[in-house]
Amino acid sequence: MQPKYEIIKQDIIKKINTGEFEPGKKIYSEGELKKIYDVSSTTVVRALQDLVLEGYLIRRQGEGTYVRRNLRHRKVYFDELGPLFEKKSQKKSKDTTEKTITKIHQGIINKEIAQKLKLKEKSVLTQIVQLAMIDDLIWKIQIRYVSEDTLTEDMINEIQTGGGSLSEEYKRKYQLNHLKHLPMTQEIKFSVLANEGAILELIPKEVLEVDWPLNLPVVKFNKTYYDNHKTPIEFSTTLIHYEHYAINIEFEGI
């Protein structure tokens, strides 16, 4: 059983991650936390001090406790802007259509991916291969891995037919307003397609042939999403055509 101060900590972290407690905003007072959790002042102070040390909160004498504006765990926000957004107006073009082709493979055994998800080496995974297209042009290739028990058969059918998405399932399961509130680590690299043959081999030929030239520059992302207890729930690798990607970076104030 978790100590009471740890329960308070995790509840506050969850409220921060879901956006209920926004950066720069004041949270509950010590007195309110004592009443909510029926604990002593010592327990409340321990929880708040831990969260200050971990970079989530800042305490101001005589004013109260606030969510840090520049969270150590989320100093910068990256928004991916796909090809349907014009660089200046960021409005969707009326003359284009978008679609995503999805192929899901079950029963995957991959030691390296299992380690990234902190699972046993022979754990069974589900692989989601997605090709994002604008008109007839592929602009993004994404390979996602989750534990076998993450998706039910109904969810798999919905995702493959375009009636659902893994991102929407995360938002529902973890009560999020936006996927960016889910803890995530991301590695960005610049590469060329010739160096990414292992990813191209994962795309089923019956889905679609990728006609990118081998010397094509691509932006490569390795992402890991975590639940509110910092347990990995998804690992993905994404390749994006260099002409169809931009990032919007938002820095939070101190």
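Reader: Which residues in α1 meet α3, and which in α3 do they meet?
Author: This is a predicted model. In it, Lys4, Tyr5, Ile8, Lys9, Ile12 and Ile13 of α1 are in contact with Thr43, Val44, Arg46, Ala47, Leu48, Asp50 and Leu51 of α3.

Reader: At what angle do the axes of α1 and α3 cross?
Author: Roughly 50°, and the axes come within 8 Å. That makes α1 oblique to α3.

Reader: Is that crossing of α1 and α3 left-handed or right-handed?
Author: Right-handed.

Reader: And α2, what is its angle to α3?
Author: About 115°, with the axes of α2 and α3 9 Å apart. The angle makes α2 roughly perpendicular to α3, since 65 to 115 degrees counts as roughly perpendicular. The crossing of α2 and α3 is right-handed.

Reader: Which residues make the contact there?
Author: On the α2 side, Glu30, Leu33 and Lys34; on the α3 side, Ser41, Val44, Val45 and Leu48.

Reader: Back to α3 by itself. How far apart are its end C-alpha atoms?
Author: They are 18 Å apart. The helix covers residues 41-53, and at 1.5 Å a residue its 13 residues should span 18 Å, so the two agree.

Reader: Which residues of α3 are buried?
Author: Thr43, Val44, Ala47, Leu48, Asp50 and Leu51. Looking down the axis of α3, they fall within an arc of 155°, so they line one face of the helix.

Reader: Why would residues three or four places apart point the same way?
Author: Because an α-helix has 3.6 residues a turn.

Reader: What covers the buried residues of α3?
Author: The cover includes the helices α1 (4-17) and α2 (30-37), along with the strands β1 (57-60) and β2 (64-67).

Reader: And what sits on the face of α3 turned away from the buried side?
Author: That face carries Thr42 and Leu53, which are exposed.

Reader: What follows α3?
Author: Gly55 does, and its phi is positive, near 90°.

Reader: Different topic. Where is Thr18?
Author: Thr18 is in the loop between α1 and α2.

Reader: Buried or exposed?
Author: Thr18 is buried: its relative accessible area is 9%, and buried means under 20%.

Reader: How far is Thr18 from Pro183, in sequence and in space?
Author: Thr18 and Pro183 are 165 residues apart along the sequence, while their C-alpha atoms are 9.9 Å apart in space.

Definitions and conventions. Residues numbered from 1 in each chain as written. Predicted model: local features only at pLDDT ≥ 70, side-chain atom pairs only at ≥ 80, totals over all residues. Heavy atoms only, no water. Helix = DSSP H or I, 4+ residues; strand = E, 2+ residues; numbered from the N terminus. Expected span 1.5 Å × (residues − 1). Buried < 20%, exposed > 50% of the residue type's maximum accessible area, 1.4 Å probe, protein only. Arc of directions from axis to C-beta. Contact = heavy atoms within 4.5 Å. Axes fitted to C-alpha atoms, helices over the stretch in contact; angles between N-to-C directions. Parallel < 35°, antiparallel > 145°, perpendicular 65-115°, else oblique. Left-handed = near helix turned anticlockwise from the far one by under 90°.
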